[in-house]
Every structure is written in C-alpha cells, then in structure tokens.
Amino acid sequence: MSAGSGRRRSTGRPLSHAASRPVPAGTRSGAGSRPEARRPGRRTPPRTPARPAAARRPLFTGRTVVFVGLLLLLSLTLAGPVRQWLDGRAEIARLAAESTAYDERIADLQAELERQADPAWTAREARERLAYVLPGDRLVVVVDGEAAEGDAGTLPDAVDAAPRPWYEELLGSVAGADG
C-alpha cells in the first residue's frame, strides 16, 4: 500500500468517496451497475418530485420576516439619535443666524459711537434738540405762530410788564387750550 492510496477495492483500485456515501431512498445504488457500461457524456437530470398546484411557496418566508423585523428594530433604535442630531443642527443654524444679527447690531452701535464722538454732531444735536445757540448766533423761537427774536439766550421784553400769578397763568393756558 502506498501512503496516499487509502483502502482499496478487491480489484486493486482505490475506493472513491462516493462509494462510502449513503444512497438516497428510492434510487438505485449503482453497486450492481458497471461504471464502464455507462456512457460518459450522457447524464440524467435528477428527478424532482412534482409539486401539487396548491403547495406553492409562501409569500413571506421566515428569513423575510426576520429581516423586516431587524430593519424595524434598527430604525426604531436609530430614530432618537437621528432626531437629536437634526435638532442639534437646527439649533446650530439658529444660533449662527442670531450671532450674525448680533454682529450687525455691534457694527451699528460702533458706528453710532463714532458719530457721537464727533464734536460737530454734538453741536448740531444740541442746537436741534435743546435750542442751544453759540455766542453771536440769533435765536428764533416761534410761540403760537408769532415769531419772537432775540440775541443768544435772550428774549425781548414782554409788552405786558405786570407779571401775573402762576395760577392765573395756569388757568389762562387751560382756557386757551379749551377755546
């Protein structure tokens, strides 16, 4: 016996692995047939039992049901973190827009500070809002549609030289507003 030959038949040829396999029920074993008698190019297709018309394959197999169940479980597991991620992205976008608005507000306030630091702007605002005048300028104040003129900070003397008490001034102004 050689090292690679294994068991041998009585004819001297090594046994094939197919000879040691069990033979399926309902088929011939081939022990009585001679291999030389078979035609080498012709093979017979294996027989399949005929299926009755009522025994078709089911629409959903066990594998399909398990696969769909795993997909649902995976989607439910990932739904929370994905929602949080999307909410985080929306919050970042909102904060970025808010930051841009604050940057614009800062730029506007810095421009206003620079404008208020200008002495010419301050003098112009004092003239318009507070009726201040520089020495040498003329102040014109319009009261009840009549113009009253005077030098800076002074008004001409009133025609009525006798001052009235404050309560008469108050009642006079109420009567003037009423009429």
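This is a predicted model: local features need pLDDT of at least 70, side-chain atom pairs count only at pLDDT 80 or more; totals for chains, interfaces and linings use all residues.

**A residue in helix α1**

Modeller: L71 is found in helix α1, where helices (H or I, at least four residues) are DSSP runs numbered from the N terminus. Residues are numbered from 1 along each chain as its sequence is written, and side-chain values use heavy atoms, with hydrogens and water left out.

Colleague: Is L71 buried, partly exposed or exposed?

Modeller: Buried means under 20% relative accessible area, exposed over 50%, and partly exposed in between (1.4 Å probe, protein chains only). The relative accessible area of L71 is 44%. L71 is therefore partly exposed.

Colleague: Where is confidence highest in the protein chain?

Modeller: The mean pLDDT of the protein chain is 78, and 61% of its residues reach 70 or more. Confidence is highest, at a mean of 95, in helix α1 (residues 62-116).

Colleague: How far apart are the end C-alpha atoms of residues 65-86?

Modeller: An unreviewed UniProt entry places the feature "transmembrane region" at these residues, 65-86; such annotations may be inferred rather than shown by experiment. The span is 100% helix and 0% strand, and its end C-alpha atoms lie apart by 31 Å.

Colleague: Why is the pair of W166 and Y167 edge-to-face?

Modeller: Rings of Phe, Tyr and Trp (its six-membered ring) pair if their centres lie within 6.5 Å; planes under 30 degrees apart count as stacked, over 60 as edge-to-face and the rest as tilted. Here the centres are 6.0 Å apart, and the pair is edge-to-face because the planes lie at 85°.

Note on methods:
pLDDT is the predictor's confidence in each residue, from 0 to 100. Helices (H or I, at least four residues) and strands (E, at least two) are DSSP runs, numbered from the N terminus.
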